[in-house]
Amino acid sequence: MDTMRERFASVTSRLLDEDPRLAVVLAEIGRDGFADAARRHPHRVVNVGIREQLLVGVGGGLALTGLRPILHTFASFLVERPFEQVKLDFGHQGVGGVLVSAGGSYDWPSGGFTHMAPGDIALLDTLDGWTVQVPGHPDEAEALLRQAAAAGDDKVYVRLSMQTNAAPRPVDDARFHAVRQGHRGVVVAVGPMLDAVLAATEGLAVTVLYATTVRPFDAATLRATVGAADAADVVIVEPCLAGTSTRFANEALQDRPHRVLGLGVGHRELRRYGRIDEHLAAHGLDPRGLRERITEFLAQ
């Protein structure tokens with residue numbers, strides 16, 4: 001199976017052939033995947049080199065001319081490093097585009113903390129109007145990318161990852177989808193965390209909701225699901241900074257008594273490279289760690 005990044009390059013290269021409004025802007029990372037597309041569309045595949053602020057500035061400038069820019073690099077270089085440009089060159093200028101990240105929270109551990117961005121979605125939450133999508137499988141990534149490319153002038157962030165679920169799920173709308181039914185509470189699994197959540201909650205009487213579009217947050221489905229359960233207990237498991245989405249769950253349920261637990265990447269920096277699975281275990285995001293924390297929360 002190809003990775004999400006490989007699927008992104010192949011699908012976006014085809015979209016460039018189909019839609020003359022699209023343009024791709026790179027900052028060195030990912031250029032090999034667009035080599036053929038760059039030869040076919042030299043004026044719509046732009047590599048600015050290792051200049052991430054310029055990456056976003058060029059993307060914003062292309063959007064002002066009427067193009068639909070798709071920007072790509074590691075999340076730490078796409079959201080965190082050029083954050084002021086994202087805020088001003090897209091938000092303040094009132095133009096749209098598609099930011100497609102790789103690397104996630106710790107997809108390349110040997111790259112060190114410079115290549116990790118667990119706080120990317122939380123940072124984008126300080127801005128207005130961004131759609132945020134977190135696919136859990138390459139097929140989902142393709143579907144979401146196609147939607148984002150055709151989304152008029154919307155501002156869309158697509159967070160790709162090396163971590164994937166075994167099988168794709170429907171992403172035909174922005175709703176959370178029920179994967180397992182239960183009455184004891186609700187667990188929301190975001191993107192590539194679904195398989196671990198399903199393993200962790202095996203035998204527990206909880207409803208598991210699957211989310212690939214997390215902004216806007218699907219408050220209606222969460223409210224309806226919590227309303228059908230015996231307990232208004234909600235656990236959100238996401239592959240980014242712990243608690244990133246808990247505010248939105250609390251707002252959705254503000255008129256009823258409830259409890260929310262946010263599980264994700266801890267704030268403590270892990271200074272050993274390790275492997276992805278070791279980072280997951282260290283943050284309690286492997287099935288064993290999730291099981292312990294979810295059962296403890298529900299038992300309180």
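W130 sits in strand β5, which spans residues 130-133; helices (H or I, at least four residues) and strands (E, at least two) are DSSP runs, numbered from the N terminus. The model is a predicted one, in which local features need pLDDT of at least 70 and side-chain atom pairs count only at pLDDT 80 or more, while totals for chains, interfaces and linings use all residues. Residues are numbered from 1 along each chain as its sequence is written, and side-chain values use heavy atoms, with hydrogens and water left out.

W130 has a relative accessible area of 8% and is therefore buried, where buried means under 20% relative accessible area, exposed means over 50%, and partly exposed lies in between (1.4 Å probe, protein chains only). Which residues surround W130, once its neighbours within four places in sequence are left aside? W130 is in contact with V86, F90, G97, L99, L124, K155, V156, Y157 and R215, contact being defined as heavy atoms within 4.5 Å. One of these, V156, is 26 residues from W130 in sequence, yet the two C-alpha atoms are 5.6 Å apart in space.

Leaving aside neighbours within four places in sequence, Y157 is in contact with A75, L78, V79, L99, S101, D120, I121, L124, W130, T131, V132 and Q133.

The largest nonpolar core has 42 residues, and L71, W130, Y157, V188 and L222 touch the most other members. Helix α3 gives the most to this core, with 4 residues. A second, separate core holds 24 residues, among them V197, L198, V206 and V208.

Helix α3 (residues 52-64) also meets helix α5 (residues 83-92): their axes come within 9 Å and cross at roughly 5 degrees. Axes here are lines fitted to C-alpha atoms, for helices over the stretch in contact, and angles run from 0 to 180 degrees between N-to-C directions. The crossing angle makes α3 roughly parallel to α5, since angles under 35 degrees count as roughly parallel, over 145 as roughly antiparallel, 65 to 115 as roughly perpendicular and the rest as oblique. On the α3 side the contact is made by Q53, V56, G57, G59 and G60, and on the α5 side by Q85, V86, D89 and F90. By class, this contact has 3 nonpolar, 5 polar and 1 charged residues; Ala, Val, Leu, Ile, Met, Phe, Trp, Tyr, Cys and Pro count as nonpolar, Asp, Glu, Lys and Arg as charged, and the others, Gly among them, as polar.

Strand β5 belongs to an open sheet of 7 strands with mixed pairing, in the order β2-β1-β3-β4-β6-β5-β10. Two strands pair if DSSP finds at least two bridges between them. At the edges stand β2 (45-47) and β10 (213-215), each with a single partner strand, so one side of each is left without a neighbour in the sheet. From one strand to the next the twist averages 20 degrees. Within this sheet, β3 (residues 68-74) and β4 (residues 97-102) run parallel and are joined by 5 bridges. Opposite F74 stands A102 in β4.

A further open sheet has 5 strands, ordered β7-β9-β8-β11-β12, again with mixed pairing. Its edge strands are β7 (177-180) and β12 (259-265), each pairing on one side only, and its twist averages 25 degrees from one strand to the next. Strand β8 (residues 186-190) pairs in the parallel sense with β11 (residues 233-241) over 4 bridges. Here V187 stands opposite V235, and V188 stands opposite I236. Strand β11 also pairs with β12 in the parallel sense, over 6 bridges, with V235 opposite L261 in β12. Because 9 of the 9 residues of β11 are buried, this strand is largely enclosed by the rest of the structure. Helix α12 (residues 287-299) lies across β8, β11 and β12, and runs at about 165 degrees to β12.

Two loops complete the description. In the loop between β10 and α9 (219-228) lies P216, which is joined to R215 by a cis peptide bond with omega of about 5 degrees. The loop between β1 (22-26) and α2 (35-40) holds E28, a residue other than glycine whose phi is positive, near 75 degrees. E28 is partly exposed, with a relative accessible area of 27%.

How values were computed:
Core = buried A, V, L, I, M, F, W, Y, C linked by side-chain atoms within 4.5 Å.
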